[in-house]
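Visitor: I would like a quick tour of this structure, question by question. Please show it first.

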Amino acid sequence: CGQGTQWTRALQLLSHNLRQQQLGPDVISFNAAISACGLGQEWELSLELLLVMMQSVLYPDIRSFNVAITACERGGGQWPAAIALLHSLQFLGLPLRTDSLNAAMSACAKGHAISTLLELLANMRDVRCHADLVSYNT
């Protein structure tokens, strides 16, 4: 269901499994649904799923946030939401990673927030991340 056209199916499967308690909710199934929504450019649904996850007994991991940040990028450069997710990562004590910052910088590029992109790039060392080829090509 990770293909862009299958996001509705991913949500149906997650919803069915949650109702039936067949598999029980887990981080992996939520991450897959968040990713599928992102691939389908349904960034708002990705954020809603992350919020549902945070309000449940599940604790989102770094991948949960990374796929949500990537969904913001794929949703046409929803950079304010991507930046908010980076702040949430820090607030929750999860480590910022280069791929997290790269996805947020890509959202900034698509959203024409060049000053924010450059600020993220300049601050990568401060958060103990190393810029890579993707960082400089954003």
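Predicted model: local features only at pLDDT ≥ 70, side-chain atom pairs only at ≥ 80, totals over all residues.

Visitor: How far apart are the end C-alpha atoms of helix H6?
Guide: Helix H6 covers residues 98-110, which is 13 residues. The expected span is 1.5 Å times one less than the number of residues, so H6 should span 18 Å. The model agrees with this: the end C-alpha atoms are separated by 18 Å.

Visitor: Which helices do the buried residues of H6 pack against?
Guide: Start with the buried residues of H6, among them Leu101, Met105 and Cys108. Thr98, Ser100 and Asn102 are buried in H6 as well. The buried residues of H6 pack against helices H4, H5, H7 and H8.

Visitor: Which element gives the largest share of the largest nonpolar core?
Guide: The core holds 36 residues, and Ile69, Leu86, Leu89 and Leu120 touch the most other members. Two or more residues come from each of H2, H3, H4, H5, H6 and H7. The largest share is seven residues, and it comes from H4.

Visitor: Which residues does Ile69 touch, not counting those up to four places away in sequence?
Guide: Ile69 belongs to the largest nonpolar core. Leave out residues up to four places away in sequence. What remains is Ala82, Leu85, Leu86, Leu89, Ser100, Ala103 and Ala104.

Visitor: Is Ser56 buried, exposed or partly exposed?
Guide: Ser56 sits in the loop between H3 and H4. Its relative accessible area is 34%. Buried needs under 20% and exposed needs over 50%. Ser56 therefore counts as partly exposed.

Visitor: Which backbone nitrogen does the side chain of Ser56 reach?
Guide: A polar contact needs N or O atoms within 3.5 Å. The side chain of Ser56 reaches a backbone nitrogen at 3.1 Å. That nitrogen belongs to Leu58.

Visitor: What separates the C-alpha atoms of Ser56 and Pro25?
Guide: Along the chain, Ser56 and Pro25 are 31 residues apart.

Visitor: What share of the contacts with a separation of 6 or more comes from residues 24 or more positions apart?
Guide: The protein chain has eight helices and zero strands. Buried residues make up 41% of its 138 residues. Among contacts with a separation of 6 or more, residues 24 or more positions apart account for 58%.

Conventions:
Residues numbered from 1 in each chain as written. Heavy atoms only, no water. Helix = DSSP H or I, 4+ residues; strand = E, 2+ residues; numbered from the N terminus. Buried < 20%, exposed > 50% of the residue type's maximum accessible area, 1.4 Å probe, protein only. Contact = heavy atoms within 4.5 Å. Polar contact = N/O pair within 3.5 Å; in protein donor to acceptor, adjacent residues only side chain to side chain. Core = buried A, V, L, I, M, F, W, Y, C linked by side-chain atoms within 4.5 Å.
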